[in-house]
Amino acid sequence: MPPGSVAMGTNIDRERFTASDMKRFTARLHESLAVLRELLDQPSFGRGAPSLGAELETYIADDNGRVLPLNQRLIDEMQDPQVQLELNRFNIEYNLTPLPLAGAPFAALERQLVAALARLQGAATPHGGHIVPIGILPTLTRADLGAHAMSDSRRFRAMERQLKALRGEAFSIEIHGQDRLALKSSHVALEGANTSFQLHLRVEPERFADTFNTIQLITPLVLALAANSPLFLKQRLWDETRIALFKQSVDDRQRGSDAWRRPSRVAFGQGWVRRGAWELFAETVALHPPLLPVLGDTAPGAWRPGDPAPALGELRLHMGTVWPWNRAVYDPADGGHLRIEMRALPAGPTPRDMAANSALLLGLALGLRDDIEARLSALPFHYAEYNFYRAAQQGLSARLLWPHRQHHRLEEMPLATLLEDLLPHARAGLMAGGVSPADADAFLAVSEARLAARTSGATWQRGMLAAFEARGLSRSKACRHMLGRYRHEAATQRPVADWSTEA
């Protein structure tokens, strides 16, 4: 879901808001929190089998790797309700159909991804376009990211206006990797350089805290193996540069001001969840001023026990303008339920890789959930946050702080070794979730092969770039050649661990 995405049915009908708008909207947020607390106390709320959903964001580029601003044209031509506008004109999103977790969800997810990419590609081909699932397009230039890049959407313009008003100065980007990047922008279009593959897991309320905390714990591990964004503006930065870029490109705080002490709108979190989902919603309301104070048709306070699940449109809208890497979601559909949205993984390289990343993430979450309290007692939250940023920066070569279960202490371990040790837990978690052994084994094997080869999309991109530069190509030409090879290898549908590494 792109920045500024809104609750279904909410119409952003203007770009400027008054103090009175803010006051009324804030009052509705607090009404929504009271209603949500009452909902969550109902024994019947949120019952249902676990299910899996996903959103895929991609680039649209031409034969030479230059971005093509075609998203609105493709949407108009496709007339597909699963296709959504993204922040920048050269990005597009496909929302997949939710799947039950039991059975063979990852084979079904791979099929959906293959079909979605084929459908998008079929629409892009007549315009000379290529659909590229990749975290950040390596051929992107600074000229691609001005005000002209943003999609023609009132909600995106309103969001940008509000972020700029809160910040009071240009957005500042500084990222250190093999190379160093520092730049400023008066627009949020830099955020649109990031494309992701976002997962949703439906969770019953009483399992929410343990499930969410486990996902927070293991996200760094899967992020490192899934990394696919080592370049931005042709500079070699983090294995998952998206993590640093997203945070800085929409930061509404002014350095040195009182607001600087407030958490960023893009953050790993503020601590372990203690009791349940409600505290995450309440925390978001308490910490972050509204960006889009648009009232829904029905006041939350009109809901009474026994009524259908309320829309809570204002709360859902507000939650959609704060972007933690793992986020609580309330959905009034199916009688009302909770989901965890996992936002850290990049797009690409292939449908099989993305389905494998999903199997690993969910398998570890379910496999470690039952004894999560024992693990967290030895891991203060700021160490988990440290792990997240080290994994994004260093990928599979990172070393993480991890709780030693027997001796109740922290130890520093190579991330890759830690993942190898935990793979059996991922399989056990998928079995406990009702996934068939064949489906679990097929997709965990993809992660095992990638881990054995110490290969990710990021390491493949770095290696190919170095090989082309060793042949005497300039950085710009090497990026273009590397992207061409990336598209060629991805078209084979083979996972990235099986891609050729010869330039």
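This briefing walks through some backbone, ring and helix-packing features of the structure above. Please keep in mind that the model is predicted. Among its features are a cis peptide bond from Gly 348 to Pro 349, a count of 14 aromatic pairs, and a left-handed crossing of helix H5 and helix H12.

**Backbone features**

- Most residues other than glycine have a negative phi, and most peptide bonds are trans.
- The peptide bond that runs from Gly 348 to Pro 349 is cis, and its omega is near -5°. To find Pro 349, look in the loop between strand E12 (337-342) and helix H9 (351-368).
- Gln 79 is not a glycine, yet its phi is positive, near 50°. You will find Gln 79 in the loop between helix H2 (71-78) and strand E2 (83-85). Gln 79 has 62% relative accessibility, so it counts as exposed, the cut-off being over 50%.
- Leu 233 also has a positive phi, near 55°, in a residue other than glycine. Leu 233 lies in the loop that joins strand E9 (231-232) to strand E10 (235-236). Leu 233 counts as buried because its relative accessibility is 13%, and the cut-off is under 20%.

**Aromatic rings**

- The model has 14 aromatic pairs. In one of them, the ring centres of Tyr 59 and Phe 90 are 5.7 Å apart with the planes at 5°, so this pair is stacked.
- Tyr 59 and Phe 90 link distant parts of the chain, being 31 residues apart. Tyr 59 belongs to strand E1 (residues 51-61), while Phe 90 is in the loop between E2 and strand E3 (91-95).
- Phe 388 and Tyr 389 make an edge-to-face pair, with 5.2 Å from centre to centre and 80° between the planes. Phe 388 and Tyr 389 are both buried.
- Ring pairs also join Phe 388 and Tyr 389 into a cluster with Phe 246, Phe 268, Trp 272, Trp 323, Trp 325 and Phe 381.

**Charges over rings**

- Arg 37 places its charged end over the ring of Trp 278, 3.7 Å from the ring centre.
- Arg 352 has its charged end over the ring of Phe 443, at 4.6 Å from the centre of that ring.

**Two packed helices**

- Two packed helices are described by the angle between their axes and the distance between the axes.
- Helix H5 (residues 205-226) packs with helix H12 (residues 415-432) at an angle of about 110°, and the axes are 10 Å apart. Angles of 65 to 115 degrees count as roughly perpendicular, so that is how H5 and H12 are described.
- The crossing of H5 and H12 is left-handed. H5 contributes Pro 220, Leu 221, Ala 224 and Leu 225 to the contact, and H12 contributes Leu 415, Leu 418, Leu 419 and Leu 422.

**A closer look at Leu 422**

- Leu 422 is in helix H12. Leu 422 is buried, with a relative accessible area of 6%.
- Leaving aside residues up to four places away in sequence, Leu 422 touches Leu 221, Leu 364, Leu 368 and Trp 402.
- In sequence, Leu 422 and Ile 218 are 204 residues apart; in space, their C-alpha atoms are 10.0 Å apart.

Terms used:
Residues are numbered from 1 along each chain as its sequence is written. This is a predicted model: local features need pLDDT of at least 70, side-chain atom pairs count only at pLDDT 80 or more; totals for chains, interfaces and linings use all residues. Side-chain values use heavy atoms; hydrogens and water are left out. Helices (H or I, at least four residues) and strands (E, at least two) are DSSP runs, numbered from the N terminus. Buried means under 20% relative accessible area, exposed over 50%, partly exposed in between (1.4 Å probe, protein chains only). Rings of Phe, Tyr and Trp (its six-membered ring) pair if their centres lie within 6.5 Å; planes under 30 degrees apart count as stacked, over 60 as edge-to-face and the rest as tilted. A charge sits over a ring if NZ of Lys or CZ of Arg is within 6 Å of the ring centre and within 35 degrees of the ring normal. Axes are lines fitted to C-alpha atoms, for helices over the stretch in contact, and angles run from 0 to 180 degrees between N-to-C directions. Angles under 35 degrees count as roughly parallel, over 145 as roughly antiparallel, 65 to 115 as roughly perpendicular and the rest as oblique. A crossing is left-handed if the near helix is turned anticlockwise from the far one by less than a right angle, and right-handed if clockwise. Contact means heavy atoms within 4.5 Å.
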